[in-house]
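Trainee: Please show me the structure, and then start with its surface.

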Amino acid sequence: MLTQNYTFLYINNTLKPVCLPIKQEKLIAIDEQYQLAEKNIISFLENSIYLNMLLWGERGCGKSSLIKQLIIKYGEKGLRVVQFVEPNLNELHDLYCKLYVERYKFILLFDDISFDSDDEKYRRFKSILEGGIFDQPENIMFVATSNRRHLIQERAIDTNDIYNRDDINESVSLYSRFGLVIGFYPISKDDYLQITHHYLLKYNLPIYEGWEKDAENFAINRGGRSGRVAKQFALFKKIYG
């Protein structure tokens with residue numbers, strides 16, 4: 001039987017508990033994404049219908065943070081997350097056996113995944129999502145996060161060629177295994193500054209004249225705006241003033 005930990009890593013065919021601070025954080029500019037995911041989770045916990053989820057989009061825009069907040073909110077109601085880091089996808093069937101007998105509901109998380117166009121692993125992963133002779137246990141929901149919508153490196157190809165069209169269909173077919181696809185898009189300047197303001201207050205930093213320009217320059221130097229960059233700016237100011 002599992003302990004009362006909410007989060008686990010599955011590695012070397014073993015479930016390893018991970019400490020997760022039980023603290024709700026404010027998520028800014030991803031309300032719609034949160035509501036979509038939360039409704040699906042609630043249905044999952046109520047033994048009703050649910051969908052496997054794909055969260056895709058920009059780096060640092062809250063995909064993993066959203067999952068963490070849902071675990072914190074619903075952990076006491078029996079929600080658990082197991083992040084699958086085992087390199088051998090065949091070990092999933094052993095994990096099924098471990099989780100099937102538990103009374104909890106499990107998010108089986110594949111974090112930050114993507115495949116190359118010639119990677120055989122994505123075909124095995126697709127087969128696992130389909131189920132094959134191993135049906136997906138009713139107490140397990142697949143959740144994947146990725147920077148790529150279709151999870152696979154796409155390339156410009158001539159779609160007049162029947163074989164190239166087959167390549168496109170193959171790449172899209174994995175993405176289509178997820179019934180709920182939630183996109184995370186580049187954030188606006190206003191949202192970025194709102195998130196930055198939140199972190200400045202969180203770390204007890206002064207809201208000084210010209211902080212908006214400094215925050216914008218910080219984002220430009222790091223390749224663009226994101227929630228992660230906003231937090232990094234606040235931490236930078238905390239250390240260096």
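Predicted model: local features only at pLDDT ≥ 70, side-chain atom pairs only at ≥ 80, totals over all residues.

Mentor: Residues are numbered from 1 along each chain as its sequence is written, and side-chain values use heavy atoms, with hydrogens and water left out.

Trainee: What share of the 241 residues is buried?

Mentor: Buried means under 20% relative accessible area, exposed over 50%, and partly exposed in between (1.4 Å probe, protein chains only). Of the 241 residues in the protein, the buried share is 45%.

Trainee: How many helices and strands are there?

Mentor: Helices (H or I, at least four residues) and strands (E, at least two) are DSSP runs, numbered from the N terminus. The protein has seven strands, and its helices number eight.

Trainee: Of the contacts with a separation of 6 or more, what percentage joins residues 24 or more positions apart?

Mentor: Contact means heavy atoms within 4.5 Å. Among contacts in the protein with a separation of 6 or more, the share from residues 24 or more positions apart is 77%.

Trainee: Where do the buried residues of α7 lie around the helix?

Mentor: Helix α7 covers residues 211-221, and its buried residues are W211, A215, E216, F218 and A219. Seen down the axis, they fall within an arc of 160 degrees (taken from the directions from the helix axis to the C-beta atoms), so they line one face of the helix.

Trainee: Which residues are exposed on the other side of α7, and what covers the buried ones?

Mentor: The exposed residues on that other side are K213, I220 and N221. The cover over the buried residues includes α6 (189-202) and α8 (227-240).

Trainee: Which residue with a positive phi follows α7?

Mentor: The phi in question is near 90 degrees. The residue that has it is G223.

Trainee: Is I239 buried or exposed?

Mentor: I239 belongs to helix α8. Its relative accessibility is 63%, so I239 counts as exposed.

Trainee: What is the distance of the polar contact between the side chains of E38 and K73?

Mentor: E38 sits in helix α1 (residues 31-45) and counts as buried because its relative accessibility is 13%. Not counting residues up to four places away in sequence, E38 touches L70, K73 and Y74. A polar contact is a pair of N or O atoms within 3.5 Å; within protein, one must be able to donate a hydrogen and the other to accept it, and residues adjacent in sequence count only if both atoms are side-chain atoms. For the side chains of E38 and K73, the distance is 2.6 Å.

Trainee: Which residues does Q69 contact, leaving aside neighbours within four places in sequence?

Mentor: Q69 is part of helix α2 (residues 63-74). At a relative accessible area of 6%, Q69 is buried. With those neighbours left aside, its contacts are K23, Q24, E25, L27 and Y34.

Trainee: Is N12 buried or exposed?

Mentor: N12 is in the loop between β1 (7-11) and β2 (14-18). Although N12 is not a glycine, its phi is positive, about 55 degrees. Its relative accessible area is 58%, so N12 is exposed.

Trainee: What is the relative accessible area of N13?

Mentor: N13 also lies in the loop between β1 and β2, and has a positive phi of about 60 degrees without being a glycine. N13 is partly exposed because its relative accessible area is 31%.
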